[in-house]
Amino acid sequence: MIDYVIQDRIQELENEMGRIAFNELNPIEKLKQTVAAVEDSLTRLKDYVLENPFASPADEIHFFKHVKPQVYCWKIYAFERYSVESWIPKQEDNQTRNFLLGELRTIERFFRLHDFHYQYYKMEATELDGLFFLRGSDLTGSILVPNVGEPDPSFATKGDYLFAKFIALDKLASWIQQQIFGLDGLSPGTIGQARPNNLKWTGESINLVEIAYGLWLTGQINNGNASVSEIVRWMEDNLNVQIGRAYRRWTEISRRDRANSTKYIDRMRDAINTRLEEEDDVSRQRKNNSR
């Protein structure tokens with residue numbers, strides 16, 4: 001199945017992004033490794049797509065609307081973040097904060113410049129998918145055409161690059177906000193909370209890895225645009241737990257026997273089913289007693 005092959009490619013890239021993110025690399029080396037990894041993934045995806053035509057227009061739309069942008073966004077993000085990191089003032093916190101706030105305003109201006117397409121992206125609209133995400137769609141002279149470079153007609157559509165950039169800039173905005181929170185001695189998880197977060201994960205951390213990968217693989221966070229590493233960091237921040245590097249913890253799961261690969265999620269399922277059965281038993285008993 002094409003979905004499994006493509007999903008494997010994305011998971012490989014996510015693992016590589018995790019490795020690069022947690023390695024002690026200087027910014028230029030991190031940029032080089034990220035770009036190389038993304039370009040390799042895109043090349044392999046292109047070869048596969050050209051050798052295995054989509055079964056339907058819906059499959060093609062899904063790929064160019066969701067899958068390719070999810071891969072290409074890492075390259076855009078890497079360049080954008082490198083640019084910000086290279087120019088951050090190091091002398092005073094106020095200068096750093098003002099610079100970062102200015103970068104956020106730059107991102108907002110880009111979104112406003114492409115407001116129609118950005119709102120289409122944020123609202124998960126579908127009405128124009130055939131125009132934006134099918135190869136060969138003709139929008140000559142239309143104001144609906146995204147103002148981006150000429151695409152590779154065999155592996156690009158009118159909208160996939162712009163959606164990739166939206167995802168990348170959303171990631172960049174989140175990273176910038178984390179830097180600002182750090183200057184203020186705050187954690188992103190504490191912003192807007194009326195009281196301290198007293199919840200703490202006390203189970204095995206590997207169980208959270210199962211949940212994190214389940215959330216990522218089923219696209220439950222940020223419309224499927226959050227990486228597994230981002231989900232893991234969010235869990236660490238909000239559950240006061242150290243999980244470690246996502247791609248390394250994943251290897252612990254991948255080495256399990258297939259019949260027992262999701263043992264914690266299976267325990268959750270069994271616990272929920274048991275609770276439902278118990279409630280059904282109570283309900284039946286009440287009905288019998290009322291007769």
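Q: Hi! What should I know about the model before we start?
A: It is a predicted model, where local features need pLDDT of at least 70, side-chain atom pairs count only at pLDDT 80 or more, and totals for chains, interfaces and linings use all residues. Residues are numbered from 1 along each chain as its sequence is written, and side-chain values use heavy atoms, with hydrogens and water left out.

Q: Thanks! How many helices and strands are there in the chain?
A: The chain has 11 helices and zero strands. Helices (H or I, at least four residues) and strands (E, at least two) are DSSP runs, numbered from the N terminus.

Q: And how much of the chain counts as buried?
A: Of its 291 residues, 39% do. Buried means under 20% relative accessible area, exposed means over 50%, and partly exposed is in between (1.4 Å probe, protein chains only).

Q: Which residues have the most contacts inside the largest nonpolar core?
A: Those are Phe-63, Phe-166, Leu-172 and Ile-176, in a core of 67 residues. Helix α7 (residues 160-183) gives the largest share of this core, 12 residues. A nonpolar core is a set of buried Ala, Val, Leu, Ile, Met, Phe, Trp, Tyr and Cys residues joined through side-chain atoms within 4.5 Å.

Q: What is Phe-63 in contact with?
A: Leaving aside neighbours within four places in sequence, Phe-63 is in contact with Ile-6, Leu-45, Val-49, Phe-54, Lys-68, Pro-69 and Phe-155. Contact means heavy atoms within 4.5 Å.

Q: Switching to helix pairs: at what angle do α2 and α3 pack?
A: Helix α2 (residues 27-51) and helix α3 (residues 57-87) pack at about 160°, with axes 8 Å apart. Axes are lines fitted to C-alpha atoms, for helices over the stretch in contact, and angles run from 0 to 180 degrees between N-to-C directions. The two helices are therefore roughly antiparallel to each other. For the cut-offs, angles under 35 degrees count as roughly parallel, over 145 as roughly antiparallel, 65 to 115 as roughly perpendicular and the rest as oblique.

Q: What kinds of residues make up that contact of α2 with α3?
A: They divide into 15 nonpolar, two polar and three charged. Here Ala, Val, Leu, Ile, Met, Phe, Trp, Tyr, Cys and Pro count as nonpolar, Asp, Glu, Lys and Arg as charged, and the others, Gly among them, as polar.

Q: How about α8 and α10, at what angle do they cross?
A: Helix α8 (residues 205-217) and helix α10 (residues 246-254) cross at roughly 100°, and their axes come within 10 Å. That pair is therefore roughly perpendicular. Residues making the contact include Tyr-213 of α8 and Trp-250 of α10.

Q: Last one: which phi does Glu-124 have?
A: Glu-124 has a positive phi of about 55°, although it is not a glycine. Glu-124 is found in the loop between α5 (115-122) and α6 (129-132). Asn-240 also has a positive phi, about 50°, and is not a glycine; Asn-240 is found in the loop between α9 and α10.
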